[in-house]
Each structure stands twice: as structure tokens, then as C-alpha cells.
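Here's a quick tour of the model you have open. Take a look at it first, then read on.

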Amino acid sequence: MDERLIGLWSDRMLFPSDVESAELAFRGDGSGWLYWSSWSTEFTVSRYTWAAFAPGSLALKFHRTVNGTWSIDDGVTRHDVESDEPEESVIEVGYAIAPGEDPFGNPVTLLSLDRPLDDHLAGSRFAWVDKPDSLSDPSADAPRRGPSNPR
């Protein structure tokens, strides 16, 4: 496992004027998630397990996809889940972590994949954001639609 991957990576600071953004989270236990959102208030969270068995080689095994809408309520972003489905796919990509710059010339640490994560609405370049104590995906505690909550 490449410890340098652990934490949160985002393409938001690399493409600040884009109408959509993506984040990758890598937890130390080998789990993680990809969060895509757009200004249209749609979001998708794709949960995965990950491994970096060889230097520069990353495998993501996706097992669940959650879709819905987001909104801002009193300054807090809320997520409402409309779909929560199992998924079975594996993506293997090459990667590199190196110093770089954002569009304004500020130094960032870049995660570059050898190809975009098109099936999950994400590109191939992400900037290091943080290594927070908790890396819970944004939809983890979101309300779900269903027979008891048909909203």
C-alpha cells in the first residue's frame, strides 16, 4: 500500500471554473470513495476498495454506487440519496504523485492517473487536499428514499 495516497484528493482546485468536480478518498484500511458533483445539484458516490501492489500501479474495486441530489441548508451541504445500488467493477490504472501547480501558480501535490476514470465521471488529475482523521463519504449519513421515506 502506498501511504502517500491516503487522504483526500480533489480536482476542484485544478479546474476552479468547471461546473462539476470529483474527489478521491483513500483510507488507510484500503477502502475509499469517489465523489462527483455538479452545479446542477446532482451527485454520485462510488465506493471502492483499493490496493497499490506495485509502484505506480493502482487497483480500484468498486462495490457500491449512490446517487442523488445535494443542497445547502444554513451553510451545511446536505445530500439526499435517490439510488443506492451494488456495483461490481475493477479499474487498474497507473499513477504518479509529484509536485505541481494549480492554475494560479500555487504549489500543490498532484496525483496523476494514466487515464481518466470516465465510467465514474472523473478525470485523471487531482490535487492533495488533506489527510483528515475521518474520511467519511458525503452520502454516508444522507437520508434515503424508500417505502418508509418516499420524499
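## A loop residue to start with

Asp74 counts as exposed because its relative accessibility is 76%; here buried means under 20% relative accessible area, exposed over 50%, and partly exposed in between, with a 1.4 Å probe and protein chains only. You'll find Asp74 in the loop between β5 and β6, and its phi is near 55°, a positive value in a residue other than glycine.

Thr41 is another one to click on. Its phi is near 75°, also positive in a residue other than glycine, and Thr41 sits in the loop between β3 and β4. At 29% relative accessibility, Thr41 counts as partly exposed.

## Where the numbers come from

This is a predicted model, so local features need pLDDT of at least 70 and side-chain atom pairs count only at pLDDT 80 or more, while totals for chains, interfaces and linings use all residues. Residues are numbered from 1 along each chain as its sequence is written, and side-chain values use heavy atoms, with hydrogens and water left out.

## The overall build

The chain has 0 helices and 8 strands (DSSP runs numbered from the N terminus: H or I of at least four residues for helices, E of at least two for strands). Its radius of gyration is 16 Å, close to the 15 Å that the globule rule gives for 151 residues, so the chain is as compact as a globular protein of that length. That radius is taken over C-alpha atoms, and the rule is 2.2 Å times the number of residues to the power 0.38.

Along its principal axes, the C-alpha trace spans about 45 × 35 × 30 Å. Of the 151 residues, 43% count as buried.

## What's packed inside

Which residues touch the most other members of the largest nonpolar core? They are Leu5, Leu24, Phe26, Trp50, Leu58, Leu111 and Leu117, out of 23 residues in that core. A nonpolar core here is a set of buried Ala, Val, Leu, Ile, Met, Phe, Trp, Tyr and Cys residues joined through side-chain atoms within 4.5 Å. Elements giving two or more residues to this core include β2 (20-26), β4 (42-54) and β6 (76-101), and β6 supplies the largest share, 4 residues.

Leaving aside neighbours within four places in sequence, Phe26 is in contact with residues including Leu5, Trp9, Trp50, Leu58 and Leu111, where contact means heavy atoms within 4.5 Å.
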